[in-house]
Structure formats: structure tokens, C-alpha cells
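Subject: Two-chain model for you to look over

Hello,

Here is the model I promised to pass on. Please open it first, then read the notes below.

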Amino acid sequence: MSLIASTPANNSLLSSGMESERTLYPYVTGTSVIGIKYKDGILMAADMGGSYGSTLRYKSVERLKSIGKHSLLGASGEISDFQEILRYLDELILYDNMWDDGNSLGPKEVHNYLTRVMYNRRNKFNPLWNSLVLGGVKNGQKYLGMVSMIGVHFEDNHVATGFGNHLARPILRDEWHENMSFEDAVKLLEKCMRVLLYRDRSAINKLQIAKITEEEVTISQPYSLKTFWGYSAFQNPTKGAEGSW
Amino acid sequence: MFRNQYDTDVTTWSPAGRLFQVEYAMEAVKQGSAAIGIRSKTHVVLASVNKANSELSSHQKKIFKVDDHIGIAIAGLTADGRVLSRYLRSECINHSFTYESPLPVGRLVVQLADKAQVCTQRSWKRPYGVGLLVAGLDESGAHLYYNCPSGNYFEYQAFAIGSRSQAAKTYLECKFETFMSSSKEDLIRDVLFAIKETLQGDKLTSSICTVSVVGVGEPFHIMDQKTIQELIESFEIKEGEAADHGVVPDRTPEAAPMDI
């Protein structure tokens, strides 16, 4: 954000309007991403909403992308920064493939590369305003990790970003277990996404679930969850507080 | 090799299409004391002959650890070798820092070869006068590479460089087909025998050689002198028996084992 309207007298320390530009606020943002390990690999879920402040402006934003042969990346936060990260990773994977030598970057390597990028930007006070979920399988080893916009990173069996940390992870802590089947894992993710849909105002009812196993990556077509609004308490909402609305 | 008018600059081709400075650099490798490497599916063993300037001085260090999973043995200008090993260590640690994962040895070798090639194409530089045997592990198993001053690199099952390395190569050529499935102990034994070939008359003791190992589940390390001496002694006893069975072929010098 450069101070285009400022007069020369104000920025005498900075010549010719060369103000340093850095991210101060996010503009178009995505909400939570959830990731879990299951029997054959990793499952991730994210909705397709891109909010412009409080307006749900974009409703077909793909926030889950595959990286190379072995990894899946999900992002919440500033969408344009996510696109920038995808460009960095594209170049990384391209150079990796150009070696053409049978070695390839696995999810652990991509996760650590992203950590370095995010932390470096944070140190320059110009962060990439994202929380990233990175999952994948390589040589039978499942990997699931998270990186925040300030470079905090860790691995776990289940991770979530944003509101997902508060609403989804408690459910996952109770109900996740090792070697869940694909169907059970999808049910669990949908349960978490449904809670987020009810309670997170930036969530929309259009989501994608992505799966990565040793053999392949699939990102589902967008679909909606069934919701139920017929609770009796909704019939006369002001019953307990006359006069309110 | 004769002195001629095309060998002053590394950037001058000869009419026969040769770069003499590069070839002279490869001569420097041949003058250094021997270094030998052998690999199996899971392990790589490097050994070098220790040359000391005089009895008063210590010997030159020729085997360097580059990372937990990579080590090198050098022959030629050891100063150049030291500088290159610093470069290799730096590359490995930078990769580990960014990716939390060991640099595949095949990629390190290519980076080293590209660095060597630069010196063959700049008029203000000279080629590195050192040959490196690079031993390392990556996802596809154990590897042994040889990096030339010319910027070429080759992968080997077994190789020897430096002075009198031809004798070692001859020994290795007989046995190389068995190396892939050899155990670590067999590899060490074979590398010690190969070192002995290059000594041609001098007695093989642990003070005259250095041996290092890297393998799956075993980080790169240089074996200590006492263990080497014990191994030499146990192998020499066995060699006395094996010579009767013709395991060691007749091309090797026919000295009785204990007389060497």
C-alpha cells in the first residue's frame, strides 16, 4: 500500500515515492482447512468460499491443490498469497523434475521449504498471509503438517486452520483414530465441516474433499452438505427473551 | 605427454580437439596416493593410502565426511580437495536446512561436476587438480561416483584412483561381480586387499591406510586404527589359507602372505 496521495514534504526520507510495500491486511480470504491421516493416506477438506471482508464474494475458489506427485496443499487466508505460493511451488517442482534422476521431493521436503519461505517473509515484515496444510504420502510414509503465516510449523495426525482449530479439532481429538477407513474418514471430515458451516460466518455450503494416497491424488467435485434447521428452538426464537429480535 | 603450443591456456583447444590443461590436471590425480572405493547394495567402503612427507610429519587427510550419508576420498592436490569438501559440506547442509532431508548423492555429484566444468571454461581459472571418489546413500540405495577434474562423473561398482591404482583395479576387476551382494565385512576385506595391491611390496598396516564406511542405517564414519589392524591380521591369516584354494587369482604378486 503506497502513499500515492502524500505530498513530497511528508516523505522526505523516502525519495521518489519508493515506499516499502508490504502486506498489512488480507483482502480476499478463505476460511478453514481440515486435514486428517487415514488408512491409505491423507484426506483434506475445504470450502470454496473467498470472502471480501464480510461479503462472501467468490464462491468457486479452489483452496486445495496437488503439488508434485506426493503432496497436497490446502490454504486459508489471503487467496492472492496462496496463488503466489503455488507459483513458488510450481518452480520448485519443475526444477526437481528437471534433475530427472529418480529422486523426488516428498511432502516432508515441501513442508519444510514452505516453512522457510513463510518464516523468511515474516522476518522481512512482509508475510504471506496464509495458514497452510500440507499432506502427502511417500514410500508408504504418511505425512501431515501445518505452517502458519509467521512460520510456526508442526506435524500431527489431524490439523486445521482458522476456525477449524476451535470447532473441528475438538471433534477430531475425540473421534479420530489410526487407520480409519476412507468412508469413516470422509464422514468425520463432513461432520467437522458441517459444524463449521453452521457456526463460521465465512463458510459456505460448497466444499471439496481431496484424497492423496501412494498411488494418486484426487480432488472431488464441489458438493454440498445436508443441513437441518428445523429445531424447535428456532420456531419462536425470542421465547426466552421477550422484546429481543 | 609432450609440451606443445596448445597447452598454455585451459581455454585453448588443440587441433586434435583436446584441452591439454584439463588432461594435465588429470595427471595430477594420478600422482596422488591411491584411493579406492567399493560398493554393495547397502554399503559403500572407501579406503586411502596415507602418504607422509617424512617420518616426522603426520600424513595427509584424504577421506572427508561430507554429511551423515555422504563421504569422499580424494587423490591429487589435497588442498583443492579440502576446498571442494568444504563446498560439498555446505551444499549438503543447506539442503538439509531447507528441506529437512538429506541431499541425494546423485545430485551433489552433478553439482560438483558442474563446478569443475566451470574451471575448464574460464581463462582466469585452472581446473581442480583432484579426483574425488564420492560414496553416499539415497532413496535408491548405495552409490559410488568418481568426479574428474574435467567435470565428468561416473558411477562405479568399484574404482581406484591415484598412483599404482591400476594394480588395485586389476584386483577389483576379478571380483566386482560379487560386490553388489557382499556384506560390509567382505567389502572391507576386499578394499584392504586392493590397497595392498597398490603398496606392491610394502607391508600393509593400519598406519598406512584409512578406511571409512557408509551404509543403510549406518552414518558415514572413519574406522579406527585398532579395528583396522585387527582386521588386517585376521584377513592375512585367512589369505594364507585362501591362496591354497586359488580364491585370489594368480595375477597378484606371489609373495607369501606373512613375508610382505
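Which residue stands opposite Gly50(A) in S5(A)? Tyr58(A) does.

A word on conventions. The model is predicted, so to speak of local features pLDDT of at least 70 is needed, side-chain atom pairs count only at pLDDT 80 or more, and totals for chains, interfaces and linings use all residues. Residues are numbered from 1 along each chain as its sequence is written, chains are lettered from A and ligands numbered from 1 in the order written, and side-chain values use heavy atoms, with hydrogens and water left out.

Chain A hairpin

Strand S4 (residues 50–52) and strand S5 (residues 55–58) of chain A run antiparallel, joined by three bridges. Strands (E, at least two residues) and helices (H or I, at least four) are DSSP runs, numbered from the N terminus. Two strands pair if DSSP finds at least two bridges between them. The hairpin has two residues between its strands, and Gly53(A) takes a positive phi near 70°.

Chain B, sheet S3-S4-S5-S6-S7

Five strands form this open sheet, with antiparallel pairing. Its edge strands are S3 (63–67) and S7 (153–155) of chain B, each pairing on one side only. Neighbouring strands are turned by 25° against each other on average, direction ignored. Angles run from 0 to 180 degrees between N-to-C directions; axes are lines fitted to C-alpha atoms, for helices over the stretch in contact.

S4(B) (residues 70–76) and S5(B) (residues 130–138) pair over seven bridges. Ile70(B) stands opposite Gly136(B) there. Helix H2 (residues 78–99) of chain B packs on the sheet and touches S3, S4 and S5. Contact means heavy atoms within 4.5 Å. The direction of H2(B) makes about 15° with that of S3(B).

H2(B) also meets helix H3 (residues 105–118) of chain B. Their axes come within 11 Å and cross at roughly 135°. The two helices are therefore oblique (under 35 degrees is roughly parallel, over 145 roughly antiparallel, 65 to 115 roughly perpendicular, the rest oblique). Among the residues of H2(B) that meet H3(B) are Leu84(B), Tyr87(B) and Leu88(B). By class, this contact has six nonpolar, one polar and two charged residues. Ala, Val, Leu, Ile, Met, Phe, Trp, Tyr, Cys and Pro count as nonpolar, Asp, Glu, Lys and Arg as charged, and the others, Gly among them, as polar.

Chain B, sheet S8-S1-S2-S9-S10

This open sheet has five strands too, again with antiparallel pairing. Strands S8 (158–161) and S10 (218–222) of chain B each have a single partner strand, so one side of each is left without a neighbour in the sheet. Neighbouring strands are turned by 10° on average, direction ignored. Seven bridges join S2(B) (residues 43–49) to S9(B) (residues 209–215). His43(B) stands opposite Gly215(B).

Helix H5 (residues 184–199) of chain B lies across S1, S2, S9 and S10, at about 25° to S2(B). The axes of helix H4 (residues 165–179) of chain B and H5(B) come within 7 Å and cross at roughly 155°. H4(B) and H5(B) are therefore roughly antiparallel. Their contact has eight nonpolar, two polar and four charged residues.

Interface

15 residues of chain A are in contact with eleven of chain B. The chains bury about 1200 Å² between them, 51% of it on carbon and sulfur atoms. Buried area is the accessible area (1.4 Å probe) that two parts lose on being put together, summed over both. Trp99(A), Asn103(A) and Arg116(A) supply 44% of the area that chain A buries against chain B, more than any other three residues.

Best wishes
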